[in-house]
Each structure stands twice: as structure tokens, then as C-alpha cells.
Amino acid sequence: MSMNDPIADMLTRVRNANSAGHDTVSMPSSKKLVEIARIMQEEGYIAGYETQPAEPRDILEITLKYGAKKARTIRGIKRISKPGLRIYAGKDELPRVLGGLGTAIISTSQGVMADRDARKKGIGGEVIAYVW
């Protein structure tokens, strides 16, 4: 099965597993997906992630994070830039998700980073997704 948009597939799997209350979710791995998982962990939305070698592709396993009484850490997750319509933001128009309460994941020339880091470094890039 060929996949047109592996990032959207990853975000959908995380959203569905989070809604269903699963502890972990796994998907085919790539460098970009591992970077997105790293940002989500740094921002406190997931507990952790790890890649496991497999054939024909490695598997990325994400451990979801919940609060007291199974309260979800991820309230929402949305893909912004799609293969059919890329969305770019310059350093001055980087988006603020929920007035700064959420995180925008940006793919820049210096790697994938959160909107706060891109704002500090003064660089723009492709807006991959919003997480809140």
C-alpha cells in the first residue's frame, strides 16, 4: 500500500489512539516522522517514542501521555501544509496556536522545530501541523 501523505497518516493514528485511550501507537518510520515525534515529546504532548528495526521499514512506536483519570494531554492535532497545498510562513508571520497555548510544528532549513524555537532563531518555514 503506497501512502501519499505519511505525516497526515501519523497525525491521524496519534489522534485516533489518543481518543481511544491507547497507551502506544505504532507506524512506519521516517526521519521526518521521528523529528515530529521528538518535537511532540519536547513540548510535553507525548511520553516518549522509539524506533524498532523491521523489514521492509523501521517502526516508530509512540507512547501517549495522559493526566489524572486518563485526561488527554493532546486536545487536538491538525495537519496544515498538505502535499496538494503547501503552507509556508516567514519569520514575521509564524502562527500562534490558541494564542500561544498550543504548538505549531515548523519544518525549517535548520530542521524541524516548534514555532517558539523558530521565532527565537528568526527563521520561517513550512507549517507542518498544529498540536494543542
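The model is predicted: local features need pLDDT of at least 70, side-chain atom pairs count only at pLDDT 80 or more, and totals for chains, interfaces and linings use all residues. Residues are numbered from 1 along each chain as its sequence is written, and side-chain values use heavy atoms, with hydrogens and water left out. Helices (H or I, at least four residues) and strands (E, at least two) are DSSP runs, numbered from the N terminus.

**Helix 1**
- Helix 1 covers residues 6-20, 15 residues in total.
- From first C-alpha to last, helix 1 reaches 21 Å, close to the 21 Å expected at 1.5 Å a residue. The expected span is 1.5 Å times one less than the number of residues.
- Its buried residues are Ile7, Met10, Leu11, Val14, Ala17 and Asn18. Buried means under 20% relative accessible area, exposed over 50%, and partly exposed in between (1.4 Å probe, protein chains only).
- Down the axis of helix 1, these buried residues fall within an arc of 135°, so they line one face of the helix. The arc is taken from the directions from the helix axis to the C-beta atoms.
- Gly21 follows helix 1, and its phi is positive, near 80°.

**Salt bridges**
- The whole structure holds eight salt bridges. Each is a side-chain nitrogen of Lys or Arg within 4 Å of a carboxyl oxygen of Asp or Glu.
- Asp5 and Arg79 form one, at 3.1 Å from N to O. Asp5 lies in the segment before helix 1 and Arg79 in strand 4, 74 residues apart. Both Asp5 and Arg79 are buried.
- Lys70 and Asp23 form another, at 3.5 Å from N to O. Lys70 is in the loop between strand 3 and strand 4 and Asp23 in the loop between helix 1 and strand 1, so the pair ties together parts 47 residues apart in sequence.
- Glu42 pairs with Arg38, with the closest N and O atoms 2.8 Å apart. Glu42 and Arg38 are about one helical turn apart because they sit four residues apart in helix 2.
- Shared partners join Glu35, Arg38 and Glu42 into one salt-bridge network.

**The loop between strand 5 and strand 6**
- Leu98 lies in this loop. Leu98 counts as exposed, at 53% relative accessibility.
- Arg96 lies in this loop too. Arg96 is exposed, with a relative accessible area of 57%.
- Leaving aside neighbours within four places in sequence, Arg96 is in contact (heavy atoms within 4.5 Å) with Asp115 and Arg119.
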